[in-house]
Amino acid sequence: MSCLISARWWAAAAMAAALGLPAWAGAPDEPLTLREALALAATRSLQLAANRASTAASRNMAVAAGQLPDPVLKFGVDNLPVNGAERLSLSRDFMTMRRIGVMQELPAAQKRQLRSERFEREADLSVAQGQVSLANLQRDTALAWIERYYTQQMRDLVLRQLEETRLQVQAAETGFGIGRSSQADVFAARSALVLLEERLSTVDRQQRNAALVLARWVGPDAERPATEAPAWQTSRLDDGRLQDHIPLHPDLLVLKAQVDAALVDSRLAEANRKSDWSVEVMYSQRGSAYSNMLSVGVSIPLQWDRANRQDRELAAKLSMADEARAKYEDMLRSHEAEVRGLLNDWQTGKSRVVRHRDQLIPLAEQRAQAALTGYRTGKGDLAAALAARREEIDARMQALAVEMETAKSWAQLNYLSPSDSLAIQAQEKP
């Protein structure tokens with residue numbers, strides 16, 4: 001198994017070097033910290049790369065939209081005879097002209113500025129969507145890493161108990177051989193061992209599944225052990241700063257960008273109520289016996305039905321701006337309730353972790369010790385001692401499950417918005 005992991009790691013490292021990716025990956029036996037897992041996930045994310053490409057595209061379009069339209073080159077022949085003695089002659093008839101000219105559309109500077117600003121708002125929207133992608137990425141990676149860490153802790157706990165129970169089986173069998181233990185004690189010890197092996201199989205399955213989920217985000221590094229507990233006791237979104245953080249929720253930033261874009265659209269619709277002019281200059285060449293001609297023209301679209309076209313467009317854009325504002329306010333209320341619920345789950349979970357650690361586990365330890373002492377002094381049987389020991393293990397497993405649940409609540413709360421340093425780092429990648 002270690003050879004397979006090593007081969008996977010070296011293959012991933014070689015690919016990263018070939019592609020010029022950052023050297024985030026660690027050695028196969030080096031612990032994978034939560035922070036490193038988040039950085040690896042951000043490096044591997046194609047969605048973040050897509051958001052950066054979309055932002056760059058909108059920024060470039062903003063520059064293009066602020067420029068004048070390309071001039072139109074026009075050339076042709078006018079009044080060419082098609083019959084008679086002067087048929088197809090370019091110089092015999094005084095009305096025949098070879099012409100060349102340029103036409104330039106002249107949209108108002110305000111319109112060009114608003115069109116450019118509209119793409120800038122599209123770029124802001126892409127940035128906000130990138131924040132949503134990064135926040136979701138960090139949250140899902142953190143949840144997968146936490147699952148991996150705690151199932152690993154559960155497995156270590158079962159393995160320690162499994163070794164202890166094997167020694168108890170040996171002691172019971174030896175005691176039965178010399179008449180100090182009953183056959184029932186031997187069967188009780190063997191049953192306890194089988195139950196622990198069954199529990200180990202269950203925990204192994206959970207750990208493998210957790211590693212598979214984590215590999216979705218960090219790749220082969222998911223095989224590395226997670227040995228450092230997450231810092232779930234404190235969060236960036238504590239109760240005192242909650243009101244400051246809620247408006248910075250990435251989903252709300254996306255809707256805020258949509259509101260800004262809708263407002264620019266309404267201003268552009270207002271500007272479109274004024275027609276754009278076009279200017280055309282034409283030079284016409286006739287036969288040598290005739291004078292050449294210069295023509296200058298101006299084209300002005302006539303808004304014959306402004307009430308049903310331009311005014312309707314403006315009304316539609318204003319309604320869309322109202323729609324965007326209403327969605328923003330509705331999501332603001334929704335996220336405030338969501339965050340307060342997550343905060344309550346996290347704080348309640350912290351109290352439960354303390355109760356398990358300071359009360360339930362010590363009581364289970366004392367009960368197991370008392371049962372073992374009773375067995376050693378002949379006041380109890382081995383089955384009762386083993387049952388008390390199983391209850392202690394159950395208490396410890398339950399404590400780990402509660403701590404894992406609390407850590408997941410912390411992750412959902414802490415990564416509602418991206419971690420600042422990792423967000424900047426992800427945005428700076430080309």
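**Exercise 1.** Find which residues form a nonpolar patch on the surface of this predicted model, and which elements give two or more residues to the patch.

*Solution.* 
Step 1. The nonpolar patch on the surface is made of Leu73, Phe75, Ile100, Val102, Val281, Tyr283, Leu294 and Val296. Together these residues have about 830 Å² of accessible area.
Step 2. Two or more of the patch residues come from each of strand E1 (72-78), strand E2 (97-106), strand E3 (277-285) and strand E4 (293-299).
Step 3. Take Ile100 as an example: this residue lies in strand E2. Ile100 has a relative accessible area of 45% and is therefore partly exposed. Patch residues need over 30% relative accessible area.

**Exercise 2.** Describe the make-up of the protein chain: how many helices and strands are there, and in what order do the elements run?

*Solution.* 
Step 1. The protein chain holds ten helices and four strands.
Step 2. Read from the N terminus, the order is α-α-α-β-β-α-α-α-α-β-β-α-α-α.
Step 3. The protein chain has 430 residues, of which 39% count as buried.
Step 4. Its accessible surface comes to about 24,100 Å², and carbon and sulfur atoms account for 55% of that.
Step 5. Among contacts with a separation of 6 or more, 81% are between residues 24 or more positions apart.

**Exercise 3.** Locate His335, decide whether it is buried or exposed, and list its contacts beyond the neighbours within four places in sequence.

*Solution.* 
Step 1. Helix H8, residues 310-376, contains His335.
Step 2. The relative accessibility of His335 is 7%, so this residue counts as buried. The cut-off for buried is under 20%.
Step 3. With neighbours within four places in sequence set aside, His335 contacts His249, Asp251 and Leu252.

Definitions and conventions. Residues are numbered from 1 along each chain as its sequence is written. This is a predicted model: local features need pLDDT of at least 70, side-chain atom pairs count only at pLDDT 80 or more; totals for chains, interfaces and linings use all residues. Side-chain values use heavy atoms; hydrogens and water are left out. Patches are made of residues with over 30% relative accessible area and no salt bridge: like charges are joined within 9 Å, nonpolar side chains (Val, Leu, Ile, Met, Phe, Trp, Tyr) within 5 Å. Accessible areas come from the Shrake-Rupley method with a 1.4 Å probe; for residues, only the protein chains shown count as cover. A salt bridge is a side-chain nitrogen of Lys or Arg within 4 Å of a carboxyl oxygen of Asp or Glu. Buried means under 20% relative accessible area, exposed over 50%, partly exposed in between (1.4 Å probe, protein chains only). Contact means heavy atoms within 4.5 Å.
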